[in-house]
Amino acid sequence: MYVLGIESTAHTFGAGVVKDGKILSNERDTYKPKQGGIIPNEAAHHHYMLAPEIIRRSLKKANVSMDKIDIFAVSQGPGLMPCLRVGYQISRFLSDKFNKKIIGVNHCIAHIEIARRSTGLMDPVMLYVSGGNTQVITYENGRYIVFGETQDIGVGNMIDKIGRKMGIPFPAGPIIEDLSKKGKNYIKLPYSIKGMDVSFSGMETFVSRLLNTKKKEDLCFSIQETAFAMLIEASERAMAYCKKESLVITGGVAGNDRLNEMGRIMCKERGAKFVRMEKEFSGDNGAMIAYTGYLMRDYETMDVTPLPTYRTDAVEIKYR
Ligand code: AMP
Ligand code: MG
């Protein structure tokens, strides 16, 4: 069974092909604003312009033709409406044209499922960290439960916003990571953890005020140390409370070495398992949508209209 997955929720347009759960291709292109942050209509325009080529490349790499696809899977949300519409229109058109099933995939759950597959950890606590989303998730009784989350902006968004003020283009995460490795002095920043929830906008404001007086490298180092410690603290508490023996970190920010190192240390100290996921699949991509579409292959025909605020815990998980 072949599944074509389409991802277009925000900055990245991706297309991936999965055959019987095995990933055959994962092609993508990321919109990079000329200045400032993501402009939704510009990102959507990028996706419309590149979609045909990326889908073609993905099919070619998988060595399959469009008429052999059994299911079209589309990232249904959460995300930016103009961007979501691109994936929706393309996948609806294809499923109508070839008279095949269409499945709407929750983008956050796709990040979770590809991380479980990548790490081989079947029932971990999941720290999902990207630009728009930051959640600590566990699985209980047929749902992915959000145990803790950001009360304002995602950790990746905080990093991107500070990066922008430092003159670093989107996505700032990898460059901030490089700078942080040269930082030596820890600067105390707001550590905002409220119950199981975290908050990052205070840190963003605080760091913005220090940009002219402190060294970039020290600020980047301190941002990572503080923000990641908050996330690992919330994850550890979720593990203790839910009695889970392992942790996976997924989403674009999971590409960060220091965050993974902190996760590994925390797990080691409590005798739990930690496996780092493959970087290729941690940020937004089409293969994770195809793979989750494959897991959902027996779901009944569904309405796949875009859902910009689609919650992780809104989906009934029938395949676990
Ligand atoms: P996603 O939407 O899941 O693709 O995640 C994108 C977010 O991940 C953006 O905010 C990036 O700045 C962030 N990101 C990517 N690589 C890294 C990294 N190495 N360290 C920190 N953040 C990163
Ligand atoms: Mg994402």
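Is His107 buried or exposed? At 3% relative accessibility, His107 counts as buried. Here buried means under 20% relative accessible area, exposed means over 50%, and partly exposed lies in between, with a 1.4 Å probe and protein chains only.

This is a predicted model, where local features need pLDDT of at least 70, side-chain atom pairs count only at pLDDT 80 or more, and totals for chains, interfaces and linings use all residues. Residues are numbered from 1 along each chain as its sequence is written, chains are lettered from A and ligands numbered from 1 in the order in which they are written, and side-chain values use heavy atoms, with hydrogens and water left out.

**View 1. His107, His111 and Asp284 coordinate the magnesium ion (ligand 2).**
The donor atoms are NE2 of His107, NE2 of His111 and OD of Asp284, at 2.0 to 2.4 Å. Donors are N, O and S atoms within 2.8 Å of the metal (3.2 Å for Na, K and Ca); water is not among the atoms, so sites may look incomplete. Along the sequence, the donor residues follow the spacing H-x3-H-x172-D. His107 belongs to helix 3 (residues 107–119), while Asp284 sits in the loop between strand 12 and helix 9 (286–295), so this pair ties together parts that are 177 residues apart in sequence. Helices (H or I, at least four residues) and strands (E, at least two) are DSSP runs, numbered from the N terminus. Asp284 has 9% relative accessibility, so Asp284 counts as buried.

**View 2. Helix 3 crosses helix 9.**
Their axes come within 8 Å and cross at roughly 85°. Helix 3 is therefore roughly perpendicular to helix 9. Axes are lines fitted to C-alpha atoms, for helices over the stretch in contact, and angles run from 0 to 180 degrees between N-to-C directions. Contact means heavy atoms within 4.5 Å. On the helix 3 side, the contact includes His107, His111 and Arg117. On the helix 9 side, Met288, Tyr291 and Leu295 are among the residues that take part.

Two strands pair if DSSP finds at least two bridges between them. Strand 6 and strand 11 pair in the parallel sense, over four bridges. Within this view, Met126 has Val248 in strand 11 as its bridge partner.

**View 3. Val155, Met158 and Phe200 touch the most other members of the largest nonpolar core.**
This core has 43 residues. A nonpolar core is a set of buried Ala, Val, Leu, Ile, Met, Phe, Trp, Tyr and Cys residues joined through side-chain atoms within 4.5 Å. Elements that give two or more residues to this core include strand 6 (125–129), helix 4 (155–165) and helix 7 (216–242). Helix 7 supplies the largest share, 11 residues. Apart from this core lies another, of 34 residues, with Ile23, Cys108, Met126 and Met296 among them.

**View 4. Helix 4 packs against helix 7.**
The angle is about 170°, and the axes are 11 Å apart. That makes helix 4 roughly antiparallel to helix 7. Val155, Met158, Ile159 and Ile162 in helix 4 meet Ile223, Ala227, Phe228 and Leu231 in helix 7. Leaving out residues up to four places away in sequence, Val155 also touches others, including Val129, Thr134, Phe200 and Val253.

**View 5. Strand 4 and strand 5 run side by side in the parallel sense.**
They pair over six bridges. Ser75 stands opposite Val105 in strand 5. Strand 5 (101–106) is mostly covered, with five of its six residues buried.

**View 6. Some loops hold backbone exceptions.**
Most residues other than glycine have a negative phi, and most peptide bonds are trans. The bond from Gly77 to Pro78 is cis, with omega near 0°. Pro78 lies in the loop between strand 4 (71–77) and helix 2 (81–97). The bond from Phe170 to Pro171 is also cis, with omega near -5°. Asn99 has a positive phi, near 55°. At 68% relative accessibility, Asn99 counts as exposed. Asp20 has a positive phi as well, near 45°. At 44% relative accessibility, Asp20 counts as partly exposed.

Notes:
Angles under 35 degrees count as roughly parallel, over 145 as roughly antiparallel, 65 to 115 as roughly perpendicular and the rest as oblique.
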